[in-house]
Amino acid sequence: GTPQKYDPTFRGPIYDRGCTDIICCVLLVVAIVGYVVVGVVAWTHGDPRKVIYPTDSRGQFCGQQGTPNECPKVLVASRHLHVSSPPTQICVSRCPDRYLTYLRASESRVPAEMEYYRQFCVPGFTNTQKPVLEVLKDKECPAMIIPSTPLARRCFPAIQAKKGVIMVGNQTTYEDGHGQQRNVTELLEGAKKANVVLETRQLAMKIFEDYTVSWYWIIIGLVIAMVASLIFIVLLRFLAGIMVWVMIVMVILVLGYGIFHCYMEYAKLKGEAGSDVSLKDLGFQTDLRVYLHLRQTWLAFMIILCIVEVVIILLLIFLRKRILIAIALIKEASRAVGHIMMSLLFPLCTFFLLCLCIAYWASTAVFLSTSNEAVYKVFNESACQFSGQTCQPETFNTSNVTKLCPDAQCLFAFYGGETAYHKYLIVLQFFNIFMFFWLANFVIALGQVTLAGAFASYYWAFKKPDDMPAFPLFSAFSRALRYHTGSLAFGALILAIVQVIRVMLEYLDHRLKAADNRFAKFLLSCLKCCFWCLEKFIKFLNRNAYIMIAIYGTNFCTSARNAFFLLMRNIIRVAVLDKVTDFLFFLGKLLIVGSVGILAFFFFTHRIKLVQDTAPSLNYYWVPILTVIVGSYLIAHGFFSVYGMCVDTLFLCFLEDLERNDGSAEKPYFMSPDLKKLLKKTNKGQADA
């Protein structure tokens, strides 16, 4: 690319700018309107009760107010002898708490037993004098009931283990209602997953109890993490150079020790039997420890480490100036953040908008997935030509089906639909996830271009901070929304397309796991790797394009091209700055998260004597500790994301400054005195303050 030329009218972010990428702005508005329409249609047809409440055999919800099953709150299912028909599902007020068969209840002289059993029969069953075989044949009552536990409004066998023995209701056998004794282990497989969920619910309850007694201490820990993050950013202004050089010296010392250790091992093996065998003669061995007994192995390690050590030392010699520039830019970023302190709170705005995107996407996905209608089908025990066909419960008893197939029943089968809307539900779900990616990337882009505009106004202020605008963050935010919504939508659209393709590849990979096609799996793995790299590159390009948009107000393609060529003209500086900042951010996150995590560990495990009695008693002390650690990482990441955007913005401005200006009275440098001193550049006729 062509280096930037001097422009006497340029004084930082351009205020006299026009709208860019208007077509993409219109597309985004149309897509958002369409997204709202999809949401309204989904909310009109969807019914989340299908997820929350169980459904009986007539398709009615259990425990839902305003329905015939308002009082019965749980669902009990009974499997009949004919496995071709679905189990009869009935809404009941409570789950069974005892073993009982219908035969025993009908023959019992205690009327209360039959009255208790009748609540698990179909609604309206009153003919207790009806023969038992006919009742079971007509599926009016279950053959047996067993002790059950409610879980997610459904009744599951109350399986428990005592001293390694599986029991249900303190018994190891039960009567199946047909005169046979069965072992309760036959119920185990059917209720295994349910008991896992039950145990998970008990675990969740204990975790919730821990949160109720430790939430305020968790908040205190997060506040400490926030203060520590702020202090670390302030200290970077003074300690960035020391931290970087200490890291470099430590790497050199570690490599030096590795060389010394390899030499000592090489010398120690001299004269030992078998140590002089060459790697070529030994060949490949599955036990890798065999190679450690060869002198040639340690000689190879020593040579490799020596080469790495020499390369690093040579790089330090030739790149020392660029490392110093990176350190100076990091220090300058601390000053910029200090002058625009509101920038540290701006990620909260981005986080709030992302939460709105996630909430809208999730609710729309739920309503779309529950938009299907109840489908009823004909089930029968004998041969019938209508078996498996759809039916309507309201008119089924008066239809020809009951005349030709007397034992046929119209039962709820599943949720589905035959209309055009139901056929295109998968398309609407695809559009939902695509719009989520697009809007989420747009929100992130808006945050990046706002921070870039604010920090660019700091760099291009000749007298810092006197020449800065009064509200740099608000000015940058308003410029981004007013003029560059289309450009942000364009960059977000490109990234969203790549992310959707990655989601589709992950879906295909999941579906092909059971297939034994190695070529397809290899091809899919290559595609996943390529699109992962492409996504990373687009994110890098978008980030720098947004900085150029914030400064010059050009469209997305022009900004991306100019940013890319500017970085390519300074590729070594880019690589050095990137690695130095990555190291500092990693060190900062590790320091903050580690310090706060260790403090939380000693506090919640009652190991700090001063506050030993203050710490709450917990079921699991790792619950608040992990919460504090994760929260501390998110807080530190939020602070350092602002700091990272500041460094990237100042770096691009610095490169532009070097290309545009030469330090003369007509073309003075805008960089800080420290950078000018480091590069041995001065503004002629002006004293650096």
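Colleague: Are cysteine 95 and cysteine 155 buried or exposed?
Modeller: This is a predicted model, and in it cysteine 95 and cysteine 155 form a disulfide with their sulfur atoms 2.1 Å apart. The pair links distant parts of the chain, with cysteine 95 in the loop between strand 2 and strand 3 and cysteine 155 in strand 6, 60 residues apart. As for accessibility, cysteine 95 and cysteine 155 are both buried.

Colleague: What is the handedness of the disulfide of cysteine 95 and cysteine 155?
Modeller: The handedness follows from the torsion about the S-S bond, which for cysteine 95 and cysteine 155 is about -90 degrees. With that torsion, the disulfide is therefore left-handed.

Colleague: Which cysteine is joined to cysteine 121, and what handedness does that disulfide have?
Modeller: The S to S distance of 1.9 Å belongs to a disulfide between cysteine 121 and cysteine 141. Cysteine 121 lies in the loop between helix 4 and helix 5, while cysteine 141 lies in the loop between helix 5 and strand 4, 20 residues apart. The torsion about the S-S bond is about 110 degrees, so the disulfide joining cysteine 121 to cysteine 141 is right-handed.

Colleague: How does the accessibility of cysteine 25 classify?
Modeller: Cysteine 121 and cysteine 141 are buried. Cysteine 25 is in no disulfide, since a disulfide needs sulfur atoms within 2.5 Å and the nearest cysteine sulfur, that of cysteine 19, is 7.6 Å away. Because its relative accessibility is 24%, cysteine 25 counts as partly exposed.

Colleague: How does the accessibility of cysteine 557 classify?
Modeller: Cysteine 557 is likewise in no disulfide, the nearest cysteine sulfur being that of cysteine 24, at 8.2 Å. At 44% relative accessibility, cysteine 557 therefore counts as partly exposed.

Colleague: How are helix 9 and helix 13 oriented to each other?
Modeller: The axes of helix 9 (residues 346-369) and helix 13 (residues 425-459) come within 10 Å and cross at roughly 175 degrees. The residues of their contact divide into 17 nonpolar, seven polar and no charged. Since angles over 145 degrees count as roughly antiparallel, the orientation of helix 9 and helix 13 is roughly antiparallel.

Colleague: How are helix 16 and helix 17 oriented to each other?
Modeller: Helix 16 (residues 518-552) and helix 17 (residues 556-568) pack with their axes 8 Å apart, at an angle of about 105 degrees. Angles of 65 to 115 degrees count as roughly perpendicular, so the orientation of helix 16 to helix 17 is roughly perpendicular.

Notes: Residues numbered from 1 in each chain as written. Predicted model: local features only at pLDDT ≥ 70, side-chain atom pairs only at ≥ 80, totals over all residues. Heavy atoms only, no water. Helix = DSSP H or I, 4+ residues; strand = E, 2+ residues; numbered from the N terminus. Buried < 20%, exposed > 50% of the residue type's maximum accessible area, 1.4 Å probe, protein only. Axes fitted to C-alpha atoms, helices over the stretch in contact; angles between N-to-C directions. Parallel < 35°, antiparallel > 145°, perpendicular 65-115°, else oblique. Nonpolar A, V, L, I, M, F, W, Y, C, P; charged D, E, K, R; others polar.
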